[in-house]
Amino acid sequence: MINPQRSLSELPKMSAASQVERAVLDDEFNWLLKEEVHAVLKQLQDVLKEASRRFSMPTPGLESQLKQENFILGSSTMDQVKGVLTLQGEALTQADINLKVAKNSHVLHFQFREDKHWKLQQIQDARNHVNQALQLLNSRDESYCFKTGAEVNKLMDAVMLQLTRARNRLTTPASLTLPELATSGLMKMFTPPMPGDVMVNFYINLSKLCLTVYQLHVLPPNTTKYFKPAGSSVLHSPGSMFELNNNRFEVSHVHKVECVVPWLNDTLVFFTISLQLCQQLKDKIELTDWMCG
């Protein structure tokens with residue numbers, strides 16, 4: 001049988017033990033806010049600086065100092081399209097493309113005009129999001145004192161948002177309609193000019209630089225074929241139709257070739273590491289906050 005007097009006499013001891021435990025947890029949480037948070041922020045900065053370095057841009061007037069890289073386009077299943085692309089940072093500075101026309105095996109050759117560069121918006125946007133994440137981290141240097149776990153989580157959420165947007169720009173190419181492709185400035189960059197029955201598109205997909213070539217044929221005005229304009233897509237299929245300048249077209253052939261850009265793969269790895277660091281810190285803050293609560 002429990003002795004009531006003994007149980008009551010132990011309450012102050014239990015309360016004192018609880019207070020000591022609470023004080024230890026509070027000290028641990030304060031140490032987490034003061035020391036460990038800044039250690040993680042430093043790790044994040046180091047990783048994102050490496051990512052930013054992959055996107056390095058030259059200072060104005062020194063563009064020629066940025067490394068030019070040549071990539072050979074290829075496909076394991078077809079040889080209708082071959083080419084070499086020259087990438088300098090976020091810009092395609094040259095594209096040399098050979099297209100074997102399906103109907104007569106005649107080879108067409110196109111390349112960028114000397115005065116033309118094509119900016120890859122996906123790379124530019126991803127770089128901007130990385131730099132915004134770095135600015136957020138730089139706004140909380142080692143001298144800054146975080147007051148609450150919620151404040152740390154707010155910063156991590158903001159950094160993770162920028163990193164997710166950066167990653168999405170490289171993993172999710174823009175969907176375009178066929179008329180948008182046909183009237184794109186890209187079509188005006190080649191010499192000799194692209195014929196009216198050929199369209200091209202460049203985009204980034206993960207760590208790959210992709211080229212899609214569409215061959216078209218004009219639908220005669222008296223055709224009985226049911227006409228249904230295609231919507232937006234990253235990659236349109238043969239049989240897709242569109243109308244432009246009172247003419248109706250159908251995609252007859254689609255050729256997609258690609259090349260791996262190693263530094264884009266590096267940046268995707270850096271994004272994954274950084275997002276994991278952010279989430280791990282949030283989880284630790286939440287657990288320690290719960291234990292102290």
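Here is a short walk through this structure, from its core to a pocket and then to a pair of strands. Keep in mind that the model is predicted.

Let's start inside. The largest nonpolar core takes in 68 residues. If you want a few landmarks, look for M156, F190, F202, L211 and F271, the members that touch the most others in the core. Helix 5, running from residue 262 to 292, is the biggest contributor here, giving 10 residues to this core. Now zoom in on F271. Setting aside neighbours within four places in sequence, F271 is in contact with A51, F55, V130, L163, A166, R167 and L170.

Next, the largest pocket, which holds about 300 Å³ of space. Its lining is made of 17 residues, and the ones nearest the centre are W118, A174, L176, N201 and F202. You've met F202 already, as one of the core residues that touch the most other members. Which elements each supply at least two residues of the lining? They are strand 5 (118-119), helix 2 (121-138), helix 4 (178-182) and strand 7 (198-205). Strand 7 gives the most, with 4 residues.

Finally, head over to strand 1, residues 69-73. Strand 1 pairs with strand 2 (residues 81-88) in the antiparallel sense, over 5 bridges.

How values were computed. Residues are numbered from 1 along each chain as its sequence is written. This is a predicted model: local features need pLDDT of at least 70, side-chain atom pairs count only at pLDDT 80 or more; totals for chains, interfaces and linings use all residues. Side-chain values use heavy atoms; hydrogens and water are left out. A nonpolar core is a set of buried Ala, Val, Leu, Ile, Met, Phe, Trp, Tyr and Cys residues joined through side-chain atoms within 4.5 Å. Buried means under 20% relative accessible area, exposed over 50%, partly exposed in between (1.4 Å probe, protein chains only). Contact means heavy atoms within 4.5 Å. On a 1 Å grid over the protein atoms alone, a cavity is a set of points where a 1.4 Å probe fits but cannot get out, and a pocket is an open set with protein on both sides within 12 Å along at least five of seven lines; lining residues have an atom within 4 Å of a point. Grid points are joined across faces, edges and corners, and a volume is the space filled by probe spheres set on the points. Two strands pair if DSSP finds at least two bridges between them.
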